[in-house]
Amino acid sequence: MTKRDLLSMDDLTRTDVDLILDTAESFLPILQRDIKKVPTLRGRTIVSYFHEASTRTSSSFDLAAKRLSADTIALKKSGSAIEKGESLKDTILTLSAYSPDIIVMRHPSAGACRLAARYTPASVINAGDGKYQHPTQCLLDLFTLRQTFGRDLDGMKISIVGDILHSRVARSDIAGFQMMGMHVTLVGPPTMMPRDIESLGVAVEHDLSHLRTADVIYLLRIQRERMQAGANFLPSLREYARVWGIDRSRVRPGQKVMHPGPINRGVEISGEIADDPDTLILEQVEAGLSTRMAILYRTIVGYSDSASEEA
Amino acid sequence: MAGTATQRLWCKRAAKADLLVKGARVVDPTTGRDEVKDVLVTRGRIAAVGDDLEPGGSAAVRDADGCLLMPGFVDLHAHFRVPGGEDAEDLTSLTAAAAAGGYVAAFGMANTDPVVDNAALLEGLAQRAQAEATVPVGFHAAVTRGLQGEQLTEMVELATAGAVAFSDDGIPLRDADLLRKALQYASVTGRHIAVHAEDRSLTRKGVMHEGAVSARLGLAGMPSIAESIEVERALEVAAYEDARLHVCHVSTAAALEHLARFKERGVPVTAEVCPHHLTLTDEAVVTLDANVKMNPPLRPEADRAALVAALAEGLIDCVATDHAPHCADDKEVPFEEAPFGVIGLGTAFAILYAELVGDGAIDLLTLVDRMSSAPARIAGIPQPSIREGAEAGFCLFDPGDTWTVGRHTLHSRSQNSAWLGKELRGRVILTVAAGHVVWDAGA
């Protein structure tokens, strides 16, 4: 791997991404066996430090580490010294005293993982920082796309719909999709569209009229906290659902729908679409496991050896 | 009251300098001089400016071949952190940092803990300065008690105690009527009102300039209109009252348009700009280093270029550092959680000389005017000058000396510099303030 840490999609070259996705693919057979565990990372220590609520990312990383036989420690905000006012720097220094190989970290502030990397010899993997980056989500999304459409994603059209302003998934995905040669269109209400986001080389739309031309529709969760009084990002969830919500009438047969979860049925996605076989949401969760196994593995061993041989 | 010449600066007593600086390029906007001369200082005063001067008696001789000798700089806008924030800065460290940056006077803002909003507190600070400050320092008083934005301070009494001007800097005066009354009442004291122009309903939880970089980083943005709307409103009120207004830390081209329009109309307004806004852009924030987080935030290149041009032509009157020390524990946190502010006294001239004079954006004589004569005029203190009979207040700058910005070169108790760790070319090597040698890099 080009860099020691995985902090942002900018840390990865195309070669790195292809290697991680190939490695993830090579891990798939393990997950079909009766005994879904290999000794690859035996004796390695992986700390997960989640300073923000998470279900799927933290459980996915935890299971990925266990499938590779690594020892894991989980530190969450509630019930830990962070609640007692310990600084990020001190938490990282303390965790580093256990000599972990990897710290998997989520934090509500952008750049927190990069700051943490300054204080530890361990590799830091960003599991989401602020509204900035969520590179492992992007990699699992790319893996899902590859499993669905094949290795060549060049020229495909993907529309990301929803609250772009507050989405780290969108920021990582834009970088990753563009790296694969995909055309990215951002769709959403102007109040949730960052000013000057076009500078990233994306198209911006405020309605769904062009959605049918997309190969893939990628939906983002509308967070209820955006609805707080005075925030005025949206007048109501009802109006959002009417204007930007995806239901059967807005999806072309065969058009694929993705969502990083957790979904709001009846807001950004109708129940019918959520349960439709063309929807890739559960494939994404599955991809999360093999992709994160590949990320942990490649972070520790780098470019050397072949994962499948060891598996 | 108006124009009463009360004392506005205080420092420790020290031995008066006896010094002969030989062969420096003397650059002095107060005399228009830009030529190689010897400067003789006797008992803290400039005794002679000429050629082949001889040291009288005990004068130390300093060979200054290739160096610039300039009137010392005056900072209208610093945060001393005294009282209440002495872990980040105290008057000893502040004036050490100022001296190493070539400053001969600095004025603190009133947003301390407690707030400088009464004469007794200001008199106490003046006493502390006489015990601790090597470089003369002075103080702003608050516009409103406790910076609460509600009740005016006793401005006449504060002016009598030596307040240089009035400002709630750090917090915008949100109420136009309050600004109006403050301008009306301050006119009695002969002091101006300095405003921090920011519409907080627009900046909200913003941490950097709103634009392409904030879009990329997912950081909440502070739009440029948050500044320009407030600047325009303050100018309207000042024009209506024909009152002395000073606009702090202008950072946007849009605000400059308003400033130009009202200056043309003859409104008695002055404005300052910070070294970081003149030399850095919001692109610097991609590092997510808390040492480039300040308010107003770094802006895009078009704004930066407009600020430089405005400073050169005099639309912006002066440079002010907005020196804002924060201790390491407060800045070693993720960008969004860090407090706003960077220090600037130690690097201001070196960075502006290297970046602006170096590429011809501003000529040296003009830059010295903007850093020394102009802010002195605004503060109502004598302009530092290299002329016979004047009190010695100058600095010597070696354009070839390279140095690294860090703890040992900044002298501040805090190291939150936007240039921390950078190597700069050109360094202040000697500063004489109030007739005392306050900084000698060779000592």
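**Entry 1: a helix pair in chain A**

Helices here are DSSP runs of H or I with at least four residues, strands are E runs of at least two, and both are numbered from the N terminus. This is a predicted model, where local features need pLDDT of at least 70, side-chain atom pairs count only at pLDDT 80 or more, and totals for chains, interfaces and linings use all residues. Residues are numbered from 1 along each chain as its sequence is written, and chains are lettered from A and ligands numbered from 1 in the order in which they are written.

I then looked up the geometry: α5 (residues 135–149) and α9 (residues 281–301) of chain A pack at about 115 degrees, their axes 8 Å apart. The axes are lines fitted to C-alpha atoms over the stretch in contact, and angles run from 0 to 180 degrees between N-to-C directions. By class, this contact has five nonpolar, six polar and three charged residues. Nonpolar covers Ala, Val, Leu, Ile, Met, Phe, Trp, Tyr, Cys and Pro; charged covers Asp, Glu, Lys and Arg; the others, Gly among them, are polar.

**Entry 2: confidence in chain A**

I checked pLDDT, the predictor's confidence in each residue from 0 to 100. Chain A has a mean of 93, and 97% of its residues reach 70 or more. Residues 307–311 of chain A stay under 50, and the model has 12 contacts for them beyond four places in sequence. A contact needs C-beta atoms, placed from the backbone, within 7 Å.

**Entry 3: chain B overall**

I found 14 helices and 18 strands in chain B. Its C-alpha atoms fill a box of roughly 65 × 50 × 45 Å along the principal axes. Of its 443 residues, 60% count as buried (20 or more other C-beta atoms within 10 Å; 12 or fewer is exposed, in between is partly exposed, with C-beta atoms placed from the backbone).

**Entry 4: where the chains meet**

I see 17 residues of chain B in contact with 21 of chain A. Helix α6 (residues 212–217) of chain B gives the most to chain B's side, with five residues.

**Entry 5: Val368(B)**

I picked Val368(B), in helix α13 (residues 364–379) of chain B. Why does Val368(B) count as buried? Because 27 other C-beta atoms lie within 10 Å of Val368(B). Leaving out residues up to four places away in sequence, Val368(B) touches Val27(B), Pro29(B), Met70(B) and Pro71(B).

Notes: Contact = placed C-beta atoms within 7 Å.
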